[in-house]
Amino acid sequence: MLLQKKYQSFLATPTAAALSSYASLNYITTLTTINDATAIAKHLSNQTSTLKKKEEKVLSTVEGDNAICLDVETTLEFLTGGGAYLPGLDDNFLADRVVTFPI
């Protein structure tokens, strides 16, 4: 459970220091990949202008010695555009919409 707590702390305040220099962030459904700890922290910080995270509930966790896999039910409000989740979709379809989905 130690890695889960560290991960949740990182999501609350993303910093490059909390990540390996070889870290990568992958959005499977949009084929978006972000490499490098600094780029990941910057990306997550920038998402706050597009999305408002309303809730994150951990459904299940598999934790190894130096890796973690979480199933998380996430509720987001789209403020301006779809961010990394729905890139390129017009604001008219998304503005002020609240969605809940597993990540």
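## Basis of the description

The model is predicted, so local features need pLDDT of at least 70 and side-chain atom pairs count only at pLDDT 80 or more, whereas totals for chains, interfaces and linings use all residues. Residues are numbered from 1 along each chain as its sequence is written, and side-chain values use heavy atoms, with hydrogens and water left out.

## Helix α2

Helix α2 spans residues 37–46, and its buried residues are Ala37, Ile40, Ala41, His43 and Leu44. Viewed down the axis of α2, these residues fall within an arc of 160 degrees and so line one face of the helix; the arc is that of the directions from the helix axis to the C-beta atoms. Buried denotes under 20% relative accessible area, exposed over 50%, and partly exposed the range in between (1.4 Å probe, protein chains only). Helices (H or I, at least four residues) and strands (E, at least two) are DSSP runs numbered from the N terminus.

The cover over the buried residues of α2 includes α1 (2–12), β1 (24–27) and β2 (32–35), where contact means heavy atoms within 4.5 Å.

## Salt bridges

The whole structure contains 3 salt bridges, each defined as a side-chain nitrogen of Lys or Arg within 4 Å of a carboxyl oxygen of Asp or Glu. Lys53 and Glu56 form one of them, at 3.3 Å from N to O. Lys53 is partly exposed at 42% relative accessibility, and Glu56 is partly exposed at 36%.

Lys54 pairs with Glu77, their closest N and O atoms being 3.7 Å apart. This pair links strand β3 (residues 51–63), which holds Lys54, to strand β4 (residues 68–78), which holds Glu77, across 23 residues. Glu77 is buried, with a relative accessible area of 15%, while Lys54 is partly exposed at 45%.

Glu73 forms a salt bridge with Lys57, again with closest N and O atoms 3.7 Å apart. Glu73 lies in β4 and Lys57 in β3, so the pair ties together parts that are 16 residues apart in sequence.

## The largest pocket

The largest pocket has a volume of about 1,500 Å³. Its lining comprises 41 residues, of which Tyr7, Leu11, Leu25, Leu44 and Ile103 lie nearest the centre. A pocket is an open set of points on a 1 Å grid over the protein atoms alone where a 1.4 Å probe fits, with protein on both sides within 12 Å along at least five of seven lines; lining residues have an atom within 4 Å of a point. The volume is the space filled by probe spheres set on the points, which are joined across faces, edges and corners.

α1 gives the most to this lining, with 7 residues.
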